[in-house]
Amino acid sequence: KGRRMLARVEREREGEGDRIEMNEMASWRGFAAALSAALLVVVVSGEACETCEYAAGNLGCYEGATGLLEEGAFEPAASRFSVAHDSPDDALAFSASLVDGEGGEPASYWHSIPTYAEERVTGMDGSEESSGGAVLVNFVPEIRRGAIGKLEIIKDVEGNPIKYDTKDVSNSAGEFLYKRPRYVAYGPSPFTYGAIPQTWENSLEPDPVTGIKGDNDPIDALDIGSAVPDIGFPYVAKVLGSLGLIDDNETDWKVVLINANDPDASKYDTIDDVPASVKETIFTYFRDKPAAVGDAPGIFWPGLTDAYVPQVWKGLEDTKQILENTKEEYAKLIGDCEKVKDLEFAYSGCA
């Protein structure tokens with residue numbers, strides 16, 4: 001049943017049905033509610049319990065378990081934090097929130113977790129190893145591999161929880177009817193997708209690499225590792241390289257990572273070590289995702305075309321500098337409370 005529903009949803013195209021006649025309003029409300037519920041059956045509870053195992057142990061198959069993160073298949077980004085899932089059966093109400101386990105106070109996915117991780121990681125067998133000079137970052141997963149829901153860190157809400165992005169549904173007269181959760185028309189994500197905390201792609205100034213302003217978000221990242229984490233459980237990942245997507249004339253870097261505890265992490269030191277098929281899958285996803293809703297394909301730095309050429313990939317050294325750039329921009333951002341206010345970001349340091 002889950003596969004049939006997923007196939008049905010994959011055929012949906014972004015924006016279809018967003019402008020409807022008023023006399024169809026009731027039926028469309030029912031359809032939207034049913035669609036949200038059905039998708040959450042697929043994305044939230046449609047998998048065997050063993051896939052729900054994470055650093056905190058068995059998460060009760062997405063029943064909103066809250067617990068301090070422990071070592072295991074993933075190295076926790078910071079052991080003092082816990083994660084709470086609210087309303088896992090309702091896409092519009094769902095949220096993943098970070099909690100400071102030491103004091104029980106709300107924490108922020110964007111502001112409370114450092115960009116870089118410790119220099120040592122614990123393997124799945126419990127052994128502790130040096131990072132060997134690798135660049136280790138803390139990664140916040142927003143979209144699980146195989147999912148189609150569009151979730152993201154919400155920058156203007158206190159605590160910056162992870163929630164579904166939403167889209168307004170209007171009638172034929174352009175009048176607002178209701179909001180619906182957004183799903184990726186292209187299909188399931190081929191990797192776990194998320195963000196690196198305490199970074200910011202400056203939307204007010206040109207990116208120092210591309211010369212094109214940033215997209216106003218923490219820098220995006222994706223994990224090519226085999227294990228699938230739960231939404232919002234931050235963990236340590238190894239930086240391999242990056243891809244420079246130019247989206248709507250904004251710089252939107254995609255940092256390629258691998259879970260630091262993945263068995264293949266020791267095999268990959270830079271993007272050149274990643275199998276060609278994996279890199280092509282990443283590129284194709286970001287190139288063709290806009291085309292699935294009728295927009296032009298994605299284009300990439302430096303050629304500003306959709307051509308797949310070796311130059312689209314940035315190696316480890318270049319990616320380290322890109323990370324440093326976004327980390328510096330973040331530091332300048334939170335040091336300017338007037339700018340934080342103007343951009344309508346939620347940050348407790350400027351409350």
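In the predicted model, glutamate 329 and lysine 332 are placed three residues apart in helix 4, which spans residues 316-334, so that about one helical turn separates the two. Their side chains meet in a salt bridge, with an N to O distance of 3.2 Å.

Aspartate 165 lies in the loop between strand 12 (162-164) and strand 13 (166-171), and arginine 182 in the loop between strand 14 (176-181) and strand 15, so the pair ties together parts that are 17 residues apart in sequence. With a relative accessibility of 15%, aspartate 165 counts as buried, while arginine 182, at 24%, counts as partly exposed. Both residues also belong to a network of salt bridges in which Lys150 and Glu152 are linked with Asp165 and Arg182.

A further salt bridge joins the side chains of aspartate 220 and lysine 254, at an N to O distance of 2.8 Å. Because aspartate 220 lies in strand 16 and lysine 254 in strand 18, this contact ties together parts that are 34 residues apart in sequence. Aspartate 220 is buried, with a relative accessible area of 10%, and lysine 254 likewise counts as buried, at 3% relative accessibility.

The strand that carries aspartate 220, strand 16 (residues 220-223), is covered on both faces. In a regular strand the side chains alternate between the two faces of the sheet. Here, Asp220 and Leu222 lie on one side and Ala221 and Asp223 on the other, and all are buried. Strand 16 also has a pairing partner in strand 15 (residues 192-195), to which it is joined by four bridges in an antiparallel arrangement. With strand 18 (residues 250-259), by contrast, strand 16 pairs in the parallel sense, again over four bridges. Alanine 221 takes part in both pairings, standing opposite glycine 194 and having valine 255 as its bridge partner in strand 18. Strand 16 and strand 18 are thus connected through their parallel pairing as well as through the salt bridge between the side chains of aspartate 220 and lysine 254.

How values were computed. Residues are numbered from 1 along each chain as its sequence is written. This is a predicted model: local features need pLDDT of at least 70, side-chain atom pairs count only at pLDDT 80 or more; totals for chains, interfaces and linings use all residues. Side-chain values use heavy atoms; hydrogens and water are left out. Buried means under 20% relative accessible area, exposed over 50%, partly exposed in between (1.4 Å probe, protein chains only). Two strands pair if DSSP finds at least two bridges between them. A salt bridge is a side-chain nitrogen of Lys or Arg within 4 Å of a carboxyl oxygen of Asp or Glu.
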